[in-house]
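Biologist: Could you take me through the pockets of this protein, with the criteria spelled out as we go?

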Amino acid sequence: MKTDEYIEKLKTTIREVVGKCWNCNFCYSACPNFDSTRGFQTQGPSGITQSLYYAVKWDRLEGEDAQDLRRILYACTTCNACVNTCSKMSAGVSLLDAVDAGRQLLVEAMQGPLPRQARCLEKIDKYGNPYGKQSKRRLDWVGDRPVNRIPGKRVKNLLYVGCSAAFNPELHGIATSMVDLLNAAVIDFGILEEEVCCGDPARTLGDHFLLEELMEKNSLMVDQAEINKIITISPHCYTTMNKYYQKLVQHAEILHYTQALEPLLPILQTKWKRQDKVKVTYHDPCYLGKHNSEYDTPRNLICAIPGVEFVEMDHSRENSLCCGGGGGRMFEEMEETVRLGHRRVEEAVAIDAEVLLTACPWCHQMLDDAAKDSRLGKKPRVMDIAEFMAERFCDSEKCSS
């Protein structure tokens, strides 16, 4: 597609989306960014799209006007709460389609994304990951664990680790726990030696051309390995692959790891060693819940673990609070009156949860950072469901609670 045609297609998408909006503002009540900023940045989801609409109508995509629009557009967490609320209470407008198109327009005009986010894209382009780490370090987390590597032995299942669990030492436990769980269930699986970013940051930040390059690289490796099932650790990888890897989904089933582990519960339940009582709660990742309506499976896993007392927070399932890390915000410091991650941890503290579980590396990082705030007093331990499950395989006297 020629550049002019591409730009006009994006503008048409914006016009069509905003043209369907009734301006009823039901979306405001669901928007985490509006809540955390008290409206000083975006004036709510329909405010974002209205700003975008008039920027396109009046050709305000350059200079200072573009910088103002950039600040507004990239503050969005892309949590999908506005879309879900609109589908239930109003016109059923997919406001995120306009946000996505607007970000692509700004990237095309070399006006977006925000500075740190732009460096994230540069790192993905150069190193294959948003952290700027050498690709040869991607498998450092494996250590001496027995795991098949692709290419190599033929396996039916691929554990797609993703960048965060691979490169962030604080998140390595998620990847190692998944290896331990799959090995405990005697699953035939492997990991890609030359895995690259799934493309979620590129997609959400507006660089769909970079997304295409990453999809091609990952898809080629999966095709050559003749994989039947892909198990992703991150809900962002899960969503991106299912929605954008069109050729891949034709011959490979793509699951979030919670969906892959649930059928294995009959096997795993024979291997629990820890029975000590613990009160836990669960934070729904937006890209697993609000984007894919997967609410029950994670809870089924948690409630199957011996000794668990499961308690819901005030906001849960489709009404769950966003951690604040989606939409590329992991890579940029955002101005907020109330930190979204802090609000979420405060909810866990309010119900006296000892452990705050989630199923997303970015949620894990955002919530863990918030839990380290000394002002919160007694704080829950932030863990991924995979980490928590793997730990319950340990003897009580050998594992820290």
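This is a predicted model: local features need pLDDT of at least 70, side-chain atom pairs count only at pLDDT 80 or more; totals for chains, interfaces and linings use all residues.

Modeller: Residues are numbered from 1 along each chain as its sequence is written, and side-chain values use heavy atoms, without hydrogens or water.

Biologist: How much space lies in the largest pocket?
Modeller: On a 1 Å grid over the protein atoms alone, a pocket is an open set of points where a 1.4 Å probe fits, with protein on both sides within 12 Å along at least five of seven lines. A volume is the space filled by probe spheres set on the points, which are joined across faces, edges and corners. For the largest pocket, that space is about 1100 Å³.

Biologist: Which helix gives the most to the lining of the largest pocket?
Modeller: Lining residues have an atom within 4 Å of a point, and 37 of them line the largest pocket, with His208, Leu211, Glu212, Met215 and Tyr244 nearest its centre. Helices are DSSP runs (H or I, at least four residues) numbered from the N terminus, and those supplying at least two lining residues include helix 1 (3–20) and helix 12 (235–244). With ten residues, the one that gives the most is helix 11.

Biologist: Which helix gives the most to the lining of the second largest pocket?
Modeller: The second largest pocket holds about 490 Å³ of space, and among its 23 lining residues Met330, Glu333, Gln365, Met366 and Asp369 are the closest to its centre. Two or more lining residues come from each of helix 16 (340–350) and helix 17 (361–371). The most, four residues, come from helix 17.
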